[in-house]
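Morning, everyone. Let me put the model on the screen, and then we'll walk through some contacts and the sheet.

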Amino acid sequence: MEKVRIGIIGCGGIANGKHLPALKKIKEAELVAFCDIIEEKAVKAAKEYGTPDAKVYTDYKELLKDESIDAVHVLTPNRSHSFISIDSMRAGKHVMCEKPMAKTYAEAKEMVAVAKETGKILTIGYQNRYRPDSQYLKRACEN
């Protein structure tokens, strides 16, 4: 299987506590770019989790210009999830966005519309949907 080249946008608590340690275990994933408005956070994450040539950014729009990146994880403060995800899909990247998806219904609806428009995958970090009890409840509702 080909490796998926991933850019991380937001290198704070949720990135370091959950996403980066999990992604490091996936042999098909390469963490090639890290962005945070606090450059030291991006540098630290790149050194700990990135490929040897991982790039560091303080402006996510600069990261999105890298055509070699397949997907991004949007791990920023909640207020910025929607517009960063939309910009990312329009830049040709698949998106894994941390929850909550957006501040408003209108923002969430636009995110879904842009995913359909661009053909990019948009997923939100609602990981509990894969728990056995959640799957059971889903099947019960469907039945």
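Start with the side chains of Ser 82 and Glu 107, which are joined by a polar contact of 3.2 Å. By polar contact I mean a pair of N or O atoms within 3.5 Å; within protein, one must be able to donate a hydrogen and the other to accept it, and residues adjacent in sequence count only if both atoms are side-chain atoms. A word on the source: this is a predicted model, where local features need pLDDT of at least 70 and side-chain atom pairs count only at pLDDT 80 or more, while totals for chains, interfaces and linings use all residues. Residues are numbered from 1 along each chain as its sequence is written, and side-chain values use heavy atoms, with hydrogens and water left out.

Back to Ser 82. Is Ser 82 buried or exposed? Buried, at a relative accessible area of 5%. The cut-offs: buried is under 20% relative accessible area, exposed is over 50%, and partly exposed is in between, with a 1.4 Å probe and protein chains only. What does Ser 82 touch? Leaving out residues up to four places away in sequence, the list is Met 101, Ala 102, Glu 107 and Met 111. Contact here means heavy atoms within 4.5 Å.

Ser 82 sits in helix α4. Helices (H or I, at least four residues) and strands (E, at least two) are DSSP runs, numbered from the N terminus.

Now the sheet. It is open, has six strands and pairs in parallel, in the order β3-β2-β1-β4-β5-β6. Two strands pair if DSSP finds at least two bridges between them. Which strands stand at the edges? β3 (55–57) and β6 do; each has a single partner strand, so one side of each is left without a neighbour in the sheet. On average, neighbouring strands are turned by 25° against each other, direction ignored. For angles, axes are lines fitted to C-alpha atoms, for helices over the stretch in contact, and values run from 0 to 180 degrees between N-to-C directions.

Helix α4 packs on this sheet and touches β1 (4–9), β4, β5 and β6. Its direction makes about 165° with that of β5. Helix α2 lies across β2 (29–35) and β3, at about 165° to β2.

Next, the pairs. β4 (residues 71–74) and β5 (residues 94–97) run parallel over four bridges. Val 74 faces Cys 97 in β5 as its opposite residue. From β4 the chain passes through α4 (residues 81–90) to β5, a right-handed β-α-β crossover. Right-handed means that, with the strands pointing away from the viewer, the path from the first strand over the helix to the second runs clockwise.

β5 pairs in parallel with β6 (residues 122–124) over three bridges. Here Cys 97 stands opposite Ile 124. The chain goes from β5 through α5 (residues 105–118) to β6, and that crossover is right-handed.

Last, charges. How many salt bridges are there? Eight, counting a side-chain nitrogen of Lys or Arg within 4 Å of a carboxyl oxygen of Asp or Glu. One joins Glu 48 and Lys 44, with the closest N and O atoms 3.5 Å apart. Both lie in α2 (residues 39–49), four residues apart, about one turn of the helix. Glu 48 is partly exposed at 38%; Lys 44 is exposed at 53%. Glu 62 and Lys 65 meet at 2.9 Å, N to O. Arg 131 and Asp 133 meet at 2.5 Å, N to O.
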